[in-house]
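Subject: A structure for you to look at

Hi,

Here is the structure I said I would pass on.

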Amino acid sequence: EAEAKKKEDAAKKPTMTLGGQLQADAIWFGQDQANMNAVGDLEDGWAFRRARIVSRGEAFDVVEYQCGFDFALSGRPSFLDVWVGLKDLPHLDSLRVGHFFEPFSLERLTQNRYNTFLERSVADSFAPARNLGLMGSRAIFEEHVTLAAGVFRSDSDVLGDDTGDDGEQAATARATWLSHYDEASGGASYVHWGLAYSYRDTDEGRVQFQARPEVSLNALGEGTVPSFVNTGFIPADHYQLFGMEFAWIQGPFSVQSEVMLVPVDRLAGDDVTFEAAYIYGSYFLTGEHRPYIRKVGFMDRVMPFENFFHVKTEEGTIETGKGAWEIAARLSYIDLDDDNIAGGELTDFTLALNWYLNPYTRVKWEYIHAHLDRNSVESNAQIAGMRFDIDF
Amino acid sequence: EAEAKKKEDAAKKPTMTLGGQLQADAIWFGQDQANMNAVGDLEDGWAFRRARIVSRGEAFDVVEYQCGFDFALSGRPSFLDVWVGLKDLPHLDSLRVGHFFEPFSLERLTQNRYNTFLERSVADSFAPARNLGLMGSRAIFEEHVTLAAGVFRSDSDVLGDDTGDDGEQAATARATWLSHYDEASGGASYVHWGLAYSYRDTDEGRVQFQARPEVSLNALGEGTVPSFVNTGFIPADHYQLFGMEFAWIQGPFSVQSEVMLVPVDRLAGDDVTFEAAYIYGSYFLTGEHRPYIRKVGFMDRVMPFENFFHVKTEEGTIETGKGAWEIAARLSYIDLDDDNIAGGELTDFTLALNWYLNPYTRVKWEYIHAHLDRNSVESNAQIAGMRFDIDF
Amino acid sequence: EAEAKKKEDAAKKPTMTLGGQLQADAIWFGQDQANMNAVGDLEDGWAFRRARIVSRGEAFDVVEYQCGFDFALSGRPSFLDVWVGLKDLPHLDSLRVGHFFEPFSLERLTQNRYNTFLERSVADSFAPARNLGLMGSRAIFEEHVTLAAGVFRSDSDVLGDDTGDDGEQAATARATWLSHYDEASGGASYVHWGLAYSYRDTDEGRVQFQARPEVSLNALGEGTVPSFVNTGFIPADHYQLFGMEFAWIQGPFSVQSEVMLVPVDRLAGDDVTFEAAYIYGSYFLTGEHRPYIRKVGFMDRVMPFENFFHVKTEEGTIETGKGAWEIAARLSYIDLDDDNIAGGELTDFTLALNWYLNPYTRVKWEYIHAHLDRNSVESNAQIAGMRFDIDF
């Protein structure tokens, strides 16, 4: 009866669930002199990386929505996923309009808190941020293949708005294939392949690509980490993005890699192509694995076998649960040099140690060696980072 | 028993309900050359019109509060209804202090998402926005008459604050009369009459009136829709607002109209009077009607007879629920020309098609023809708009 | 069974409780000519003092978090308590990392809505605001003694961030002693003693102290209340804070006092020391008392014996519940004159009347006489304030 009553209520008003996310970072830098000359003196700091409140829900079984804001980033509060959609249509799992990620890149689509490293790789500099648009998606072949495609305003601001008469459209599509999936273990081993493509108008006849050394610090006024590589503005009407994805998860061991190519159709001079790639491996010392969401083709939340606790029992002894522990290493690379564009080349090597206290709380430690080659000058920076991370 | 427990808990802590609202607009403009000369080149765009989070509740039966913020408008986050009040006093239904709408204009007081058109009419340019103040209200004669009156700071900023020693007060009152109300059908037909008045100090010795062509686009920096008519600053100590309201709802058919007169007591020169008016008709193709809230004297949420759905049944056929469909037309007018003030005259004719997927989700299409007569130059703009709209 | 189910759910996802706070102030000023010359013409105004949304919860019994934002203050939305922590560790009640108050000052640590006056005293100008850091705390001797200590970034911005390589650290500790606590009456009488200390690096080699006359108005652009006393920037590498606390609660009667000393190690010239102090008494006409939280050593929410109501009964008579009524007086003092630093001396005398409608709703009236002595010129300001205050 209570069940029937609740159902009736649900039919009367949309549901709403509130959640949030909170990340505090401490970052330390070491630079050689050439690097200081190239990018300036990087200041150590503590800063909130993310502080988010998100509401999501459904209306009358067929409508779904999400409405989230970040209070920690510049342009605060900035818009996160803010969209309304229809679900379970006869030929589409989901049809959305609003502000959300375009279907491009495994690393980009996987939520930040389920990614292995503090920041996504330098290759992510090419992946579109959230934009205002319309997208449909569908999983087929018993969720072994996913398809998603959409049209978007190509360069929405941090509040999700975009005006201007000159095109400024983008069309983006992604397909994934799950060539192996171990049903018996609930997905503890699988192999993922992905391809994505985007055709994009530029905004105001020019485009710019840049990348930070996989670290971020968002303080007011002072201390923001500068881009290490940067093409400057390139006069162009449109450009393309090609992305290839691969991931192989075998229980506690995983390998993941992406390659991106970006041909730019310049208004003057030869066309240029930029590229980026990364490969990483991770291993759970405590035996867990990185789960997968088959319906959308990207990674899910890590669930420790045992949550952390450290308490005095009634007998006076101290008992401890250890949580999950993961080690990982990543090599990543971005090349923004081509023809007469000298944006630079950046190669990052990263070592990481992650402690999952429970599925919703993490502490992460990271060491990055960044090697920059720009205008024929080579330089190096060492970066150490620590993150306290909870979502709820 | 559970009931008793719940009651006891409620006595211990204020209740809190969280809701929100999300509107994404796409707007396209066409202008003749004279209009481009008069107001500039209007840029097409996509933008969030509203993105809101609102908490409301009660404390110990007699205190009520509301606390809402908008993240999409300029000055973000801006303050919406943010007030605390007493309710069910012996001679007042409600006594509030804080930031809320002054009691003026049927269209203004009706919540944006229950209004028929994308934007309120040009006449709404005269209606006060939310201000900091104190208001009492009461319904009498078995809710056939409502009365509301309050005193306010006359020009609070987007954060609800207002400082300054020079008066800057406003007194505003509204009375409504429900001359007919069909109880048998639950209010499917009724006739509403309203009168409102406001006496207002100006801020810093001057006042300005302006109106957009019933369309809004809130992007950062570029692309905001300019005012078509604008008096500029008029030196004055105070001015008055007179408002008259009429609405006749007969099942799916409705007519609504308001007229406003604004005499301004100028510091130099003759007094001037501005005016605005609108009339509109709407018709629900699917038979619904526009409901009314008798206690406060304005319109309520439209409830479709059948919600939208579009699903494949187990037998493989596709079934569809159509939601509610409404067509509407509006003629509106504002005249900011008087004596040596040449603010201009703007006449808008609007056609609208509204699809209510369910009581909380709407898609709206609108075509506006705006005719501007300013400084003896006539010009025209065509505007097409589309809105995706959900509240929760 | 429902209990078991709920427990199981709690184990699956962090809990989250949402609350908020809303305060609207009206402030009027009267000044003699000397005061206008010294600090400028103060403008009356209405403004929101606080408008806050806070989420807090636990994850898996051992992790706790809080995440709150204020929409009314400058730098909006500004960060309030935003932290994640471990609780009930074998030797610590709580270990936190994030943005929160340093353990210094009884008045500062007591939540604003449980303090007796509209604003904390002028002495609070020395107490650190919330900063990014790490803190542990513990109550011992059956909660008769509390200890708290932490390290912090010394000067986080309103978004909780702080960068810069030059130290900018602070170490702060506080100890309290409850020398008397009447268990029988549930803490209606008690005596509290406290000591606190902080050693602090300056930011960019300089430090500044200033104080307003215990009143605040946060309007955009115009009308913010200026500091009456102000040292200007003092070149220094570090400084110290010493704080002493005392409170004696005897049923409806209470006395509270703090003294602070601030020696500054100047880069040039002799070291200087600033000081501030306040003492106040309050009395509940309706017999309530100011409660205490023993685990952390500061004050708790006032609970009226009878909540306010004012309703017509079915028999037509009017019944009223009166809430709680409190009168209070405070004398406070800050001295920013030493050696060649002429920051000024400010002495405030305050009378207050507080009406607690229920535990969560308050209306407060206050009169302040502020006496300023700066650069050998004496001047006076009278301030009247009113606050509408609800939390939920």
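Predicted model: local features only at pLDDT ≥ 70, side-chain atom pairs only at ≥ 80, totals over all residues.

The average pLDDT of chain A is 91, and 95% of its residues score at least 70. Looking element by element in chain A, strand E16 (residues 272-284) comes out with the highest mean pLDDT, 98, while helix H1 (residues 2-12) has the lowest, 57.

Next, the symmetry. Turn chain A by 120°, with a shift of 0.0 Å along the axis, and it lands on chain B with an RMSD of 0.0 Å. That is how a three-fold axis relates copies. In chain A, the C-alpha nearest that axis belongs to A:Pro77, at 4.3 Å. Chain A also superposes on chain C by a rotation of 120° and 0.0 Å of shift, again with an RMSD of 0.0 Å.

Now for charges. Over all chains there are 57 salt bridges. One pairs A:Glu214 with A:Arg330, whose closest N and O atoms are 3.1 Å apart. A:Glu214 sits in the loop between strands E12 (210-211) and E13 (229-230) of chain A and A:Arg330 in strand E21 (residues 324-338) of chain A, so this pair ties together parts 116 residues apart in sequence.

Last, have a look at the surface: A:Asp237, A:Asp265, A:Asp270 and A:Asp271 gather there in a patch of negative charge. Of these, A:Asp271 is in the loop between strand E15 (253-266) and E16 of chain A.

Cheers

Methods
Residues numbered from 1 in each chain as written. Chains lettered and ligands numbered in written order. Heavy atoms only, no water. pLDDT = per-residue confidence, 0-100. Helix = DSSP H or I, 4+ residues; strand = E, 2+ residues; numbered from the N terminus. Patch = residues over 30% accessible without salt bridge, like charges linked within 9 Å, V, L, I, M, F, W, Y side chains within 5 Å. Areas by Shrake-Rupley, 256 points an atom, 1.4 Å probe, with all protein chains shown as cover. Salt bridge = Lys/Arg side-chain N within 4 Å of Asp/Glu carboxyl O. Lys, Arg positive; Asp, Glu negative; His and termini not counted. Charge placed at Lys NZ, Arg CZ, Asp CG, Glu CD. Least-squares fit on C-alpha atoms with pLDDT ≥ 70 in both.
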